[in-house]
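Thank you for letting me take a few minutes today. I would like to walk you through some details of one structure, so please have a look at it with me first.

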Amino acid sequence: MAVIALAGCSGAPGVTTSALALLLSWPLAADRKMILAECDPDGGAVLHGLLQGTLGDRYGLRNLSVAARKGEFSDAFWRQLIDLSSDDGTQASPRDRLLLPGVTDPSQAASLVSVWKMLMQMFRGIEAESGHDVLIDLGRRGAYGPSAVMVEQADAVFVVVRNTLRCLQAAEGRVRALEESVGDISVLMINEGPYPAGEVQRVLQVPVIATLPYAPKDARVLSDGAEQPRHFTRSSLMKAAATGSTLLAQHAARRRARLDPRGLGAAGGEVTHAR
(Lines give C-alpha, C1' and ligand atoms only; values in the text may rest on other atoms or scores of the structure.)
Protein backbone atom coordinates (compact mmCIF):
# COMPACT_ATOMS: atom_id res chain seq x y z
CA MET A 1 0.00 0.00 0.00
CA ALA A 2 1.21 3.50 -0.70
CA VAL A 3 0.92 7.25 -0.35
CA ILE A 4 1.27 8.75 -3.83
CA ALA A 5 1.37 12.42 -4.83
CA LEU A 6 0.30 13.82 -8.21
CA ALA A 7 1.55 17.24 -9.24
CA GLY A 8 0.63 19.41 -12.19
CA CYS A 9 2.06 22.43 -13.93
CA SER A 10 0.68 25.42 -15.82
CA GLY A 11 -1.54 24.65 -18.78
CA ALA A 12 -4.13 22.50 -16.94
CA PRO A 13 -2.63 19.07 -17.70
CA GLY A 14 -5.53 17.27 -16.00
CA VAL A 15 -4.26 16.32 -12.54
CA THR A 16 -7.63 16.18 -10.79
CA THR A 17 -9.35 14.34 -13.63
CA SER A 18 -6.51 11.81 -13.72
CA ALA A 19 -6.63 11.43 -9.94
CA LEU A 20 -10.37 10.74 -10.04
CA ALA A 21 -9.94 8.15 -12.80
CA LEU A 22 -7.27 6.43 -10.70
CA LEU A 23 -9.40 6.60 -7.55
CA LEU A 24 -12.40 4.98 -9.24
CA SER A 25 -10.39 2.24 -10.93
CA TRP A 26 -7.76 1.50 -8.26
CA PRO A 27 -7.59 -2.25 -7.50
CA LEU A 28 -8.66 -2.80 -3.90
CA ALA A 29 -8.42 -5.94 -1.82
CA ALA A 30 -11.05 -6.73 0.80
CA ASP A 31 -11.22 -4.27 3.71
CA ARG A 32 -8.97 -1.80 1.93
CA LYS A 33 -9.80 1.80 1.04
CA MET A 34 -8.51 4.37 -1.42
CA ILE A 35 -8.52 8.02 -0.37
CA LEU A 36 -8.04 10.95 -2.73
CA ALA A 37 -7.10 14.21 -1.01
CA GLU A 38 -7.32 17.50 -2.89
CA CYS A 39 -4.33 19.42 -1.52
CA ASP A 40 -4.14 22.10 -4.20
CA PRO A 41 -3.73 25.53 -2.57
CA ASP A 42 -5.54 27.06 -5.54
CA GLY A 43 -8.67 25.17 -4.50
CA GLY A 44 -10.34 21.84 -5.11
CA ALA A 45 -12.42 21.06 -8.16
CA VAL A 46 -14.46 17.96 -7.36
CA LEU A 47 -17.21 19.49 -5.21
CA HIS A 48 -18.33 21.77 -8.01
CA GLY A 49 -17.13 19.59 -10.88
CA LEU A 50 -17.95 15.91 -10.61
CA LEU A 51 -20.42 16.50 -7.73
CA GLN A 52 -22.04 19.53 -9.38
CA GLY A 53 -22.31 21.47 -6.12
CA THR A 54 -24.85 19.03 -4.68
CA LEU A 55 -23.04 18.90 -1.33
CA GLY A 56 -22.24 22.58 -1.06
CA ASP A 57 -18.97 23.24 0.72
CA ARG A 58 -19.72 21.47 4.00
CA TYR A 59 -16.83 19.05 3.57
CA GLY A 60 -13.14 19.56 3.10
CA LEU A 61 -9.76 20.71 4.21
CA ARG A 62 -10.90 24.05 5.58
CA ASN A 63 -12.75 22.29 8.41
CA LEU A 64 -9.58 20.47 9.49
CA SER A 65 -7.82 23.68 10.49
CA VAL A 66 -10.59 24.38 13.02
CA ALA A 67 -10.50 20.77 14.25
CA ALA A 68 -6.73 20.93 14.68
CA ARG A 69 -7.02 23.93 16.97
CA LYS A 70 -9.57 22.03 19.08
CA GLY A 71 -7.44 18.87 19.24
CA GLU A 72 -10.06 16.93 17.26
CA PHE A 73 -8.12 16.36 14.06
CA SER A 74 -8.32 12.56 13.80
CA ASP A 75 -12.07 12.24 14.23
CA ALA A 76 -12.74 15.31 12.09
CA PHE A 77 -10.67 13.87 9.25
CA TRP A 78 -12.99 10.90 8.76
CA ARG A 79 -16.08 13.13 8.91
CA GLN A 80 -14.77 15.20 6.00
CA LEU A 81 -14.54 12.27 3.57
CA ILE A 82 -17.12 11.90 0.80
CA ASP A 83 -18.00 8.46 -0.51
CA LEU A 84 -17.37 8.15 -4.26
CA SER A 85 -17.69 4.36 -4.34
CA SER A 86 -19.65 2.99 -7.26
CA ASP A 87 -23.20 2.11 -6.32
CA ASP A 88 -25.51 0.24 -8.65
CA GLY A 89 -28.45 0.72 -6.32
CA THR A 90 -28.73 -2.98 -5.42
CA GLN A 91 -26.58 -2.92 -2.30
CA ALA A 92 -25.09 -0.56 0.23
CA SER A 93 -22.05 1.43 -0.86
CA PRO A 94 -18.79 -0.21 0.26
CA ARG A 95 -17.35 3.21 1.19
CA ASP A 96 -13.96 2.14 -0.11
CA ARG A 97 -13.25 5.04 -2.49
CA LEU A 98 -13.24 8.28 -0.56
CA LEU A 99 -12.58 11.94 -1.31
CA LEU A 100 -11.20 14.64 0.98
CA PRO A 101 -12.27 17.83 -0.84
CA GLY A 102 -9.89 20.76 -1.05
CA VAL A 103 -10.44 24.37 -0.11
CA THR A 104 -13.17 26.15 -2.05
CA ASP A 105 -11.38 29.51 -2.03
CA PRO A 106 -7.59 29.96 -2.44
CA SER A 107 -7.62 32.42 0.48
CA GLN A 108 -8.49 29.51 2.77
CA ALA A 109 -5.10 27.91 2.13
CA ALA A 110 -3.46 30.33 4.57
CA SER A 111 -5.28 28.64 7.45
CA LEU A 112 -3.71 25.28 6.60
CA VAL A 113 -0.09 26.10 7.50
CA SER A 114 -0.26 23.98 10.65
CA VAL A 115 -2.44 21.30 9.05
CA TRP A 116 -0.21 19.90 6.30
CA LYS A 117 2.15 18.02 8.63
CA MET A 118 -0.74 16.59 10.67
CA LEU A 119 -2.50 15.56 7.48
CA MET A 120 0.56 13.73 6.19
CA GLN A 121 0.95 11.98 9.54
CA MET A 122 -2.66 10.88 9.15
CA PHE A 123 -2.01 9.54 5.64
CA ARG A 124 1.08 7.65 6.73
CA GLY A 125 -0.71 6.29 9.77
CA ILE A 126 -3.74 4.89 7.96
CA GLU A 127 -1.47 3.45 5.27
CA ALA A 128 0.68 1.70 7.85
CA GLU A 129 -2.09 0.56 10.20
CA SER A 130 -4.82 -0.41 7.76
CA GLY A 131 -3.12 -0.78 4.40
CA HIS A 132 -5.22 1.96 2.81
CA ASP A 133 -3.82 3.76 -0.23
CA VAL A 134 -3.76 7.55 -0.39
CA LEU A 135 -3.59 9.67 -3.54
CA ILE A 136 -2.70 13.36 -3.08
CA ASP A 137 -3.70 15.92 -5.71
CA LEU A 138 -1.19 18.78 -5.40
CA GLY A 139 -2.41 20.82 -8.36
CA ARG A 140 -0.10 23.34 -9.99
CA ARG A 141 1.35 24.92 -6.86
CA GLY A 142 1.11 22.35 -4.07
CA ALA A 143 4.20 20.92 -2.32
CA TYR A 144 5.99 24.19 -1.58
CA GLY A 145 6.46 25.89 1.76
CA PRO A 146 4.58 24.21 4.64
CA SER A 147 2.90 21.77 2.23
CA ALA A 148 6.29 20.47 1.04
CA VAL A 149 5.84 17.62 3.53
CA MET A 150 3.31 16.16 1.08
CA VAL A 151 6.04 15.26 -1.39
CA GLU A 152 8.89 14.76 1.06
CA GLN A 153 7.05 11.91 2.81
CA ALA A 154 5.15 10.42 -0.14
CA ASP A 155 6.20 7.02 -1.40
CA ALA A 156 6.32 8.39 -4.94
CA VAL A 157 5.65 11.67 -6.74
CA PHE A 158 4.32 11.83 -10.29
CA VAL A 159 4.03 14.93 -12.47
CA VAL A 160 1.00 14.79 -14.76
CA VAL A 161 2.09 15.96 -18.21
CA ARG A 162 0.39 16.22 -21.58
CA ASN A 163 2.78 15.34 -24.40
CA THR A 164 2.37 18.67 -26.16
CA LEU A 165 5.15 21.20 -26.67
CA ARG A 166 3.42 23.80 -24.50
CA CYS A 167 2.90 21.44 -21.59
CA LEU A 168 6.36 19.90 -21.80
CA GLN A 169 7.95 23.34 -21.61
CA ALA A 170 5.80 24.21 -18.60
CA ALA A 171 6.59 20.88 -16.93
CA GLU A 172 10.37 21.24 -17.03
CA GLY A 173 10.49 23.81 -14.23
CA ARG A 174 8.05 21.85 -12.07
CA VAL A 175 10.03 18.64 -12.54
CA ARG A 176 13.34 20.26 -11.62
CA ALA A 177 11.86 21.98 -8.54
CA LEU A 178 10.29 18.76 -7.28
CA GLU A 179 13.51 16.84 -7.88
CA GLU A 180 15.28 19.23 -5.53
CA SER A 181 12.75 18.38 -2.80
CA VAL A 182 12.24 14.68 -3.43
CA GLY A 183 15.17 13.33 -5.39
CA ASP A 184 13.62 11.14 -8.04
CA ILE A 185 10.16 11.71 -9.51
CA SER A 186 8.26 10.23 -12.43
CA VAL A 187 5.63 11.14 -15.01
CA LEU A 188 2.03 10.16 -15.66
CA MET A 189 1.51 11.12 -19.30
CA ILE A 190 -1.75 12.26 -20.93
CA ASN A 191 -1.45 11.21 -24.56
CA GLU A 192 -2.79 14.31 -26.32
CA GLY A 193 0.19 15.41 -28.37
CA PRO A 194 2.63 14.05 -30.93
CA TYR A 195 5.53 13.11 -28.67
CA PRO A 196 5.93 9.44 -27.61
CA ALA A 197 6.76 8.48 -24.07
CA GLY A 198 10.42 8.00 -24.95
CA GLU A 199 10.70 11.57 -26.19
CA VAL A 200 8.95 12.89 -23.08
CA GLN A 201 11.43 10.98 -20.94
CA ARG A 202 14.33 12.42 -22.93
CA VAL A 203 13.09 16.00 -22.62
CA LEU A 204 12.16 15.87 -18.93
CA GLN A 205 14.91 13.38 -17.95
CA VAL A 206 12.53 11.39 -15.76
CA PRO A 207 10.71 8.11 -16.51
CA VAL A 208 7.17 7.91 -17.83
CA ILE A 209 5.55 5.22 -15.68
CA ALA A 210 2.01 5.18 -17.08
CA THR A 211 -0.07 6.76 -19.82
CA LEU A 212 -3.71 7.81 -19.97
CA PRO A 213 -5.50 8.56 -23.26
CA TYR A 214 -6.69 12.01 -24.19
CA ALA A 215 -10.45 11.40 -24.05
CA PRO A 216 -12.29 14.72 -23.58
CA LYS A 217 -15.81 13.28 -23.59
CA ASP A 218 -15.05 10.71 -20.89
CA ALA A 219 -12.89 13.17 -18.96
CA ARG A 220 -15.79 15.63 -18.68
CA VAL A 221 -17.72 13.02 -16.68
CA LEU A 222 -15.04 13.34 -14.02
CA SER A 223 -14.09 17.00 -14.38
CA ASP A 224 -17.55 18.53 -14.84
CA GLY A 225 -20.11 15.92 -13.85
CA ALA A 226 -21.24 15.40 -17.44
CA GLU A 227 -23.71 12.62 -18.11
CA GLN A 228 -22.00 9.27 -17.82
CA PRO A 229 -22.01 7.18 -21.00
CA ARG A 230 -23.47 3.70 -20.67
CA HIS A 231 -20.13 1.92 -20.89
CA PHE A 232 -18.07 4.53 -19.07
CA THR A 233 -16.39 2.03 -16.74
CA ARG A 234 -15.14 0.14 -19.80
CA SER A 235 -14.02 3.25 -21.66
CA SER A 236 -10.44 3.64 -22.85
CA LEU A 237 -9.84 6.20 -20.10
CA MET A 238 -10.98 3.98 -17.26
CA LYS A 239 -9.28 0.87 -18.64
CA ALA A 240 -6.02 2.79 -18.90
CA ALA A 241 -6.53 4.19 -15.39
CA ALA A 242 -6.90 0.65 -14.04
CA THR A 243 -3.64 -0.36 -15.69
CA GLY A 244 -1.99 2.90 -14.69
CA SER A 245 -2.98 2.59 -11.04
CA THR A 246 -1.25 -0.78 -10.85
CA LEU A 247 1.88 0.63 -12.45
CA LEU A 248 1.93 3.64 -10.12
CA ALA A 249 1.47 1.44 -7.06
CA GLN A 250 4.23 -0.92 -8.17
CA HIS A 251 6.60 1.97 -8.80
CA ALA A 252 5.82 3.46 -5.39
CA ALA A 253 6.45 0.10 -3.72
CA ARG A 254 9.81 -0.28 -5.48
CA ARG A 255 10.88 3.23 -4.55
CA ARG A 256 9.81 2.73 -0.96
CA ALA A 257 11.71 -0.56 -0.71
CA ARG A 258 14.82 1.06 -2.17
CA LEU A 259 14.75 4.04 0.20
CA ASP A 260 13.53 2.19 3.28
CA PRO A 261 14.54 -1.48 2.83
CA ARG A 262 13.95 -2.39 6.47
CA GLY A 263 10.55 -0.71 6.66
CA LEU A 264 11.62 1.72 9.36
CA GLY A 265 9.76 4.70 7.93
CA ALA A 266 6.36 3.93 9.43
CA ALA A 267 4.49 7.00 10.49
CA GLY A 268 4.56 8.14 14.05
CA GLY A 269 2.84 11.01 15.74
CA GLU A 270 -0.87 11.29 16.13
CA VAL A 271 -2.97 8.19 16.62
CA THR A 272 -5.07 7.85 13.51
CA HIS A 273 -8.02 5.69 14.60
CA ALA A 274 -8.04 4.10 11.14
CA ARG A 275 -11.52 3.15 9.93
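Predicted model: local features only at pLDDT ≥ 70, side-chain atom pairs only at ≥ 80, totals over all residues.

Let me start with a pair of helices, α6 and α7, whose crossing is right-handed. The residues that make the contact are Leu168, Ala171, Glu172, Val175 and Arg176 on the α6 side, and Val200, Val203 and Leu204 on the α7 side. Helix α6 covers residues 165–182 and helix α7 covers residues 197–204, and the two pack at an angle of about 50°, with their axes 10 Å apart. The two helices are therefore oblique to each other.

Which residues of α4 are buried? They are Val115, Trp116, Leu119, Met120, Met122, Phe123, Arg124, Gly125, Ile126, Glu127 and Ser130. After α4 comes Gly131, which has a positive phi, near 75°.

Finally, positive phi values also turn up in residues other than glycine, and one of these is Asp31, with phi near 65°. Asp31 sits in the loop between α1 (15–25) and β2 (34–38), and because its relative accessible area is 70%, Asp31 counts as exposed. Gln52, which is not a glycine either, has a positive phi near 55°, and Gln52 lies in the loop between β2 and α2 (61–69).

How values were computed:
Residues numbered from 1 in each chain as written. Heavy atoms only, no water. Axes fitted to C-alpha atoms, helices over the stretch in contact; angles between N-to-C directions. Helix = DSSP H or I, 4+ residues; strand = E, 2+ residues; numbered from the N terminus. Parallel < 35°, antiparallel > 145°, perpendicular 65-115°, else oblique. Left-handed = near helix turned anticlockwise from the far one by under 90°. Contact = heavy atoms within 4.5 Å. Buried < 20%, exposed > 50% of the residue type's maximum accessible area, 1.4 Å probe, protein only.
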